[in-house]
Amino acid sequence: MKEFLNSKKGNIIISCSILLVAVIITVIVGISYKKFSNYQTYFYFQEGKYTYSYDDGGTLREVEGEKSVQKFSQYSPKLKNTVGDADIYVIDSKREGPSLLVLGGTHPNEPSGQVAATVLLENAVVTRGKLFIITEANKSAYTHSHPQEASPYYYSIKTKNGVERIFKFGSRATNTNEQWPVPDIYVHSSGQKLTANDTKNLNRAYPGSENGTYTERVAYAITNLIKENDITVTIDLHEASPEYNNINSVTAHQRALALAANASLNMELYMDIANGIDGVGISVNESPFTLHGLTHRELGDYTNTLALLCETSNASQGKLRGKFTSDLIVNGQHDKFYQKALELQERENNDKIVYAAPTTLDERVARHVLTIESIIKGYNAIYNTLDNAYQSYYETHEAKIDESMKLEADHYAKLGKFEISNIPSYSDLNNVDADGNSLNKGVGYFLHDPLN
Amino acid sequence: MIWEIELLYFAAMIVTFVVLLLVAKMPSGLALMCSAVVGITLGAIFSGTEWNLRHLIEGSFGYFDTILVIITAMIFIAGLKASGAIEYISVFLVKIFKKAPTVLLLVFMLLVMLPGMITGSSLAAIVSCGAIVAPIMIKMGIPKKKVGAIIAFGAVLGMIAPPINVPVMVICDVVDIPYSGFTAPLICLTFPLAIFVVLWLSRGFGKEAPKRIGMNKNTLIENIVLSSILLLVSLTFLILYLSSPKEASNKKLLLVLFILFTALVIGSILAVWLRKPYCEEIIVEELADSLNLEITSELKPYVLAPLFIIIILFVLQSVLPRSVGLLGSPLLFVIAFIPSLFVGRKVNAFKVVSDGIAKSISAMALLIGVGMFVEALTLTGARGYFVINALSLPMTSMANQWRYLWQYISIAIAVPIFGGISAFGSASILGGPFVMALIGYNEIIVSSALSLVAAIGEFLPPTAMSATFAAKTVNEALDVKALPDETIKEDSEELDIKLSREEVSQPEVSQPKEEIKYIHITKTALVPLIVTLAYALLFIMFVAVHWPE
C-alpha cells in the first residue's frame, strides 16, 4: 500500500481522485448556489389606483391614490439590467403631505428589517403623503451567503392560511460577482478607513456615487431617490447581535433627534393590558459625527431627510450563537448559549455580555413596525405646527434659530401630517406574550399567501 | 458551560485533524478539510444542523482574495529568482553590511515587516520578502529554525504594524469605531518588540550557542553601538517624563511607556551581551559556492526594477486607494512580475509561472482547509461555545475584585488559541466582545493590543499559519541560484522530474539538511512569544488606562 502511494502511478491516481471529488462537489454546490441565487422572494403589491375618502372640514371627499413600482436604475442609471436594480414600491395618496421612506434589506443577514418592510408594504393604507418602501435594498447581497457564517439559505413564515412564505437569508456584503476585486483597505469618500469587507457594505457606502463601485451605485440610487422626491423621513431597518451595545435602539441624525426622542416616548407609552404589554423600551442615540458612510449620518448630511436607523436583537447574527439552523432566525430566543449568558448575567449581577435578550422574529418585526408607527406619530406631533418645529430645532442644535432653520421648519409645517393607517399593532405582530404563551396572530397573519 | 455537546464536535474535529496529520501523514490542508467534514456530519447527526456540501465551498471562499494574493506573490518571487534579482540583492546587501551583521539582521526584519505593513497580510510578507532574506540568514550561519522564527515574527509584527492592521479593522467594524488614531499605539506595540525579537532570536545561548565564535573587536563595537542606541530611546522617554509639567495629562502615560520600553531595552541589551551572535563578520568569499558573487557586475541594477515597481504600486495603492486600490493586490503583483521577464537573465515565463503556482498549492490547500474548518465550527455552534466560555470566565470567578485579572487571563488564553485557527477570526469573534467588555479602557489601545494577542495564534496549532509558511520558506530557501540556462528549454513534461532531481542534488551548505516544521519554529520562538503576550497585556492593563482619548 505504502509503495503504491509513493509510486508515480499511485500519485497520479490519488491526485485524479481528489480532483474528481472536488469537481463533483463543485458541480453539486454550483447547482444549488445558482438556484438560491436566482430565487426571487415574493412580495405582494398590486400596482394601480386605489380610492379612499377623507374628511375635509365636514365634507367627505373621495380621492384616488396610486400604487406604483419604480426601479433603482431610475435614480442610478448604471444599475440598469444588473442584479442590484431593486424595486421601490410607492404608495402615493396624491394628497399633499410629507413622505416616508422605509428601507429594508440593506443587510440580508438581518431579516427583521426586510420582513417589517414587507408587513408595511402588504398592509399600510396611505391617505395623506407618500410612502416609499424598499424590501431588498442590497439585492446583490441576497444572491449569496457570507463565507464562514454557515447561514441557511432560506427561512419561512406561515401565513394565516398555513401557507409558507419563503424569505432568503443572504450575506451582509454585495456579491463578489458584482464587485471584485476589493482593495486592501476601504477608504470612504470622507477619507475614513475601514476594512476591505466594508467596500461591499451598503451601509458604509453612503452617500454613494454614480460612477463608483457597485455598492456605491446602489447607495447613490437611494440618496438620489430621497433627493429627487424630497423625502421627509427615512427609516433604515437593521438588526444587530445581542452582545452589541447599541441595540433595541434608534440612532438618529442630529436633525432627527427630537423626532427619535418623541418616537421612543410613544413606544414607552405603548400599552396592551390584555396581552400584558406595558411599554416597549427603546434607546435613542445621536449619530456619531466621526462614523461615515452610514444612513443616519450621510443621508442626514447630504439630503434634507430626517434620517433614523433602528436595531433589534438578532441571535442568528451573534458571535455567541450555538448551532445555526433556520429555526434560529425565526426563534432566536431559544439559542442555548444566549440563554446561558443571560442566566449567568442575572446570577452574577455584574458586567454585561448580552445587551438585549434575543427574541423571536415576530417580536423583532413587531418592534420595527411599532417604531415606524411611533416615528410617524412623533412626526405628526412635532412638525405639525411651526412652533413645535422651531422648538425641536432649538433643542437639537442648542443654538439660536437661524434663517435657514426657519425656512426648513416652515417647509415641514406646510406639509402637514402623515395619514397612514392599517399598520398592524405590536401585540398583534408579536405572537408570544411576556410569559412565552402563544397568542393568536403573529407576523404571518399579516402576510399575503404567495401567488402560486 | 464547559461540558456541552459542542465540545465534542470541536474535540472530534481536532482529533481527526491530528490523526490524519500525524498517522496518515496527510498534508495539513487536506486534514483540515476532512475534519471539517467530520464536524459538519456530527452536527447534522446530533444537533440537526444542515448537512450540505455547500458549507465546504462557502467556508473556503472566506480566503478567496488571500489565496489569489499568495499565488501572484509566489509567481512574482519566482520571477525575481529566475531573473537573478534575488541573488543580486543578496550579494549587494551582504557586501554593504559585511562588517555589521546584526545591523543587517535589523534591516532584514524591517524588510520582512514591510509587505505585512502595506498589505496587512503576514503570508504576503513571508512569501515575498521572507523568501528573499531567508537564504542570506541561513548562509550567515543562523540555524534554519531560528531563521524561520525571525521571518515568521517579522511577518506577524508587520501585519500588526501600521498603516494597515486588518485584525484591528475587524474589531473596529464590530464595535463601530473608525479606524483612525491607531498609528502611534501600533508603532509602540510593534517596533520595540521587533528589535528585541531579532536580537534575541539571531543569537545563541548555552547549548545552542555557536561554538567557534568568541567576541572579536568587530562584535564588540557593534554591541556597544546597538546598546547605546537602545538606551538612548529609553532615556528619551525618561527625559520627556521628567521634563513634562507635573499636572500634564500625559505624565503617567510617559512613565508607563518608559517602564515598558526600558524592560524591552534591558531584554535586548541582555540578548546582545549574553547571547553570542552566529556571525561576527560575513566573509563574502565563503559564500561563493551558493551565491554568484560576480552577479553585481554581470547584471545591471535595473534587474531590481520589479521590486521597485511593486513598492511604488503598493505605496500608490495606499495613497490613491480609490483608484489604484481598486485594482487589488493580486493584479499589482502580476503587473510587477511582467518586467522581470525582460530585465535580467533570460526567463522562461511558463516555467516560472508554473513554478510559482506549484509552490503555492500547499498554501492554498491550508487556507481552504482553514476556511472549511471555521465554517464547520460556526455551523455546529462550536464557535459560540468558544466565545461564551471565553467571555464568561471572568464572570464566574468567585471574588469580584479579581474579575479584571480573570478578564486578562481569559484574553491571554482564549484569543491566541482561537488565533491558532484564524487570527482574523479571533479578532472579530473574541476581540470585539472583549473590547466591549473592558469598559472604561481606551478602545484604540485595547483593540491594538488584542490584535497583537490574536496574531500570536499565527504560531499555534492547528493551523499555525505564519510558522507553517516560514517553515516552508526556509526549507525551500537554498535554491536561490537561478536555474541554469539549459533547464529553461526543457518542455513541461520533463520539468517535474528535473525539479525533483535538483532537490536531491542540492548543494550541502554548512548545515545538515533538515526538514523544518512549524513546531520547531514555535518552540524556538517561545520566549519572544511569551514576551509579546506579556507586552500586549501590559499595554491593556496600564497604557489603555492612561492613553488620551
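A search of the whole predicted model finds eight cavities of 30 Å³ or more. A cavity is a set of points on a 1 Å grid over the protein atoms alone where a 1.4 Å probe fits but cannot get out. The largest cavity holds about 180 Å³ of space. Its lining comprises 15 residues, and those closest to its centre are B:Met74, B:Lys81, B:Ala131, B:Lys359 and B:Glu476; lining residues have an atom within 4 Å of a point. Two or more lining residues come from each of helices H4 (64-83), H7 (122-139), H16 (349-380) and H21 (465-475) of chain B. H4(B) gives the most, with four residues. Helices are DSSP runs (H or I) of at least four residues, strands (E) of at least two, numbered from the N terminus. The lining divides into eight nonpolar, two polar and five charged residues.

Residues are numbered from 1 along each chain as its sequence is written, while chains are lettered from A and ligands numbered from 1 in the order in which they are written. Local features of this predicted model need pLDDT of at least 70 and side-chain atom pairs 80 or more, whereas totals for chains, interfaces and linings use all residues; side-chain values use heavy atoms, without hydrogens and water.

Chain B also carries a nonpolar surface patch of about 660 Å², made by B:Phe205, B:Leu220, B:Ile224, B:Ile266, B:Leu270, B:Trp273 and B:Leu274. Patch residues have over 30% relative accessible area and no salt bridge, with nonpolar side chains joined within 5 Å. Helices H11 (217-243) and H12 (251-274) of chain B each supply at least two of the residues. H12(B) gives the most, with four. B:Trp273 is found in H12 of chain B. The relative accessible area of B:Trp273 is 34%, so the residue is partly exposed (buried means under 20%, exposed over 50%, partly exposed in between, with a 1.4 Å probe and protein chains only).

Over all chains, 25 salt bridges are counted, each a side-chain nitrogen of Lys or Arg within 4 Å of a carboxyl oxygen of Asp or Glu. A:Arg95 pairs with A:Glu419, with the closest N and O atoms 3.1 Å apart. A:Arg95 lies in the loop between strands E3 (87-92) and E4 (99-103) of chain A and A:Glu419 in strand E17 (residues 419-421) of chain A, so the bridge ties together parts 324 residues apart in sequence. A:Arg95 is buried at 15%; A:Glu419 is partly exposed at 31%. A:Asp56 and A:Arg61 form another salt bridge, at 2.5 Å.

Note on methods. Patches are made of residues with over 30% relative accessible area and no salt bridge: like charges are joined within 9 Å, nonpolar side chains (Val, Leu, Ile, Met, Phe, Trp, Tyr) within 5 Å. Accessible areas come from the Shrake-Rupley method with a 1.4 Å probe; for residues, only the protein chains shown count as cover. On a 1 Å grid over the protein atoms alone, a cavity is a set of points where a 1.4 Å probe fits but cannot get out, and a pocket is an open set with protein on both sides within 12 Å along at least five of seven lines; lining residues have an atom within 4 Å of a point. Grid points are joined across faces, edges and corners, and a volume is the space filled by probe spheres set on the points. Ala, Val, Leu, Ile, Met, Phe, Trp, Tyr, Cys and Pro count as nonpolar, Asp, Glu, Lys and Arg as charged, and the others, Gly among them, as polar.
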